[in-house]
Amino acid sequence: MSIVHIHPSRKGNHPSTEYPGLTNEFQMEHAKKVEEVRSVLEEVREDTLKALLMIDAIQRLGIDYHFHGEIEAVLERLYTKFNMSDCHNDLYELALGFRLLRQEGYYVSADVFNNLKDTEGKVQGKINQDIKGLMGLYEALQLSIKGEDIPEEMGNFSSQLLNAWNTNDDQSQARIFRNTLGHSHHKSLARFLAKSFLSDFQGTEGWINVFKELAKMDFNLVKSIHQKEIRQVSKWWKDLGLAKELKFERNQPLKWYMWPLAVLPHPSLSEQRVELTKPISLVYIIDDIFDVHGTLDELIVFTEAVNRWEYEAVEPLPDYMKTCFNALNDITNEISSKVYKDYGWNPIDSL
């Protein structure tokens, strides 16, 4: 699903009101690129490796949110083919298929890796020099399930070899090894690593350039959304006035915003990211009050006031605690009101 909505009447190189800093012409070109990539995905048929490479690239570039339906359709076809195949001789294709399918909730047996062992049950020596395959294997085995002996053995094997190659004189190659070992895809945030992947994403096939063009445009579009959100968060924090009232507290709205950015990455969830930043900021503020400033007696009263959710209970407390309680109360009511308006349910009733 694309977050860009283009209206026929919007033409020319005029500034966009929805995405500050981006023109309507840019948005139209972005929407066109999205459709180009969609067409490429829909045309993939029997070439299993090519389909896997495309899905992997789309996810690593952080543009997969446009193509959930297409990715699901491709993986559904590959799942049947993957399980029916009794010959997975290409290590990279095997590892990539295993990871992408498990990542999307398809169960693939770890027994598919038995083909990598010789008749004595040892890992075949021929894969020792398959660098790309071993990197794919290491990534895939991040999705292994506890108790699967084969993945654990293979994981140790691939990790040892990649660590040995990490000292490679080729600095570019060594950097890729370090990225794989330190930031495996399954345990990382794709959008934070997209720029690095984009610089390493090379090839001669036409679809690669199409993907890269969309990724660069999408990066600018999403960046404009995040910049707008940061301005909203900064204004909210300044207007709240806690930074002036509580001078001993941490004043880090950008840091607090990074949490929602990580857990709600879809660009369409802009309002949710801004709103989630608010209670997260209060978690840090209250943490500072407990760790740095409040006395034991004050903290007991403050805790009871929050549990009872009564303003009268904070009357005996210092002004800075009253200010904090007021902010907590206002933020809770504000978010609850929005939830009730959108979904017809008031979360305050459950507090």
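**Exercise 1.** Is Lys278 buried or exposed?

Solution. Start with the setting: this is a predicted model, in which local features need pLDDT of at least 70, side-chain atom pairs count only at pLDDT 80 or more, and totals for chains, interfaces and linings use all residues. Residues are numbered from 1 along each chain as its sequence is written, and side-chain values use heavy atoms, with hydrogens and water left out.

Next, take the scale: buried means under 20% relative accessible area, exposed over 50%, and partly exposed in between (1.4 Å probe, protein chains only). Lys278 has a relative accessible area of 6%, so Lys278 is buried.

**Exercise 2.** Describe the salt bridge of Lys278 and the network around it.

Solution. A salt bridge is a side-chain nitrogen of Lys or Arg within 4 Å of a carboxyl oxygen of Asp or Glu. The side chains of Lys278 and Glu275 meet in one, at 3.2 Å from N to O. Both residues are in helix α12; because they are three residues apart, about one helical turn separates them. Glu275 has a relative accessible area of 11% and is therefore buried. Salt bridges that share partners join Glu271, Glu275, Lys278, Glu334 and Lys338 into one network.

**Exercise 3.** How do helices α12 and α14 pack?

Solution. Helices (H or I, at least four residues) are DSSP runs, numbered from the N terminus. Two packed helices are described by the angle between their axes and the distance between the axes. Axes are lines fitted to C-alpha atoms, for helices over the stretch in contact, and angles run from 0 to 180 degrees between N-to-C directions. For α12 (residues 270–293) and α14 (residues 319–343), the angle is about 160 degrees and the axes are 11 Å apart. Angles under 35 degrees count as roughly parallel, over 145 as roughly antiparallel, 65 to 115 as roughly perpendicular and the rest as oblique. α12 and α14 are therefore roughly antiparallel to each other. A crossing is left-handed if the near helix is turned anticlockwise from the far one by less than a right angle, and right-handed if clockwise. The crossing of α12 and α14 is left-handed.

**Exercise 4.** Characterise the pair α9 and α11.

Solution. The axes of α9 (residues 206–240) and α11 come within 10 Å and cross at roughly 130 degrees. That angle makes α9 oblique to α11. The crossing is right-handed.

Technical notes:
Helices (H or I, at least four residues) and strands (E, at least two) are DSSP runs, numbered from the N terminus.
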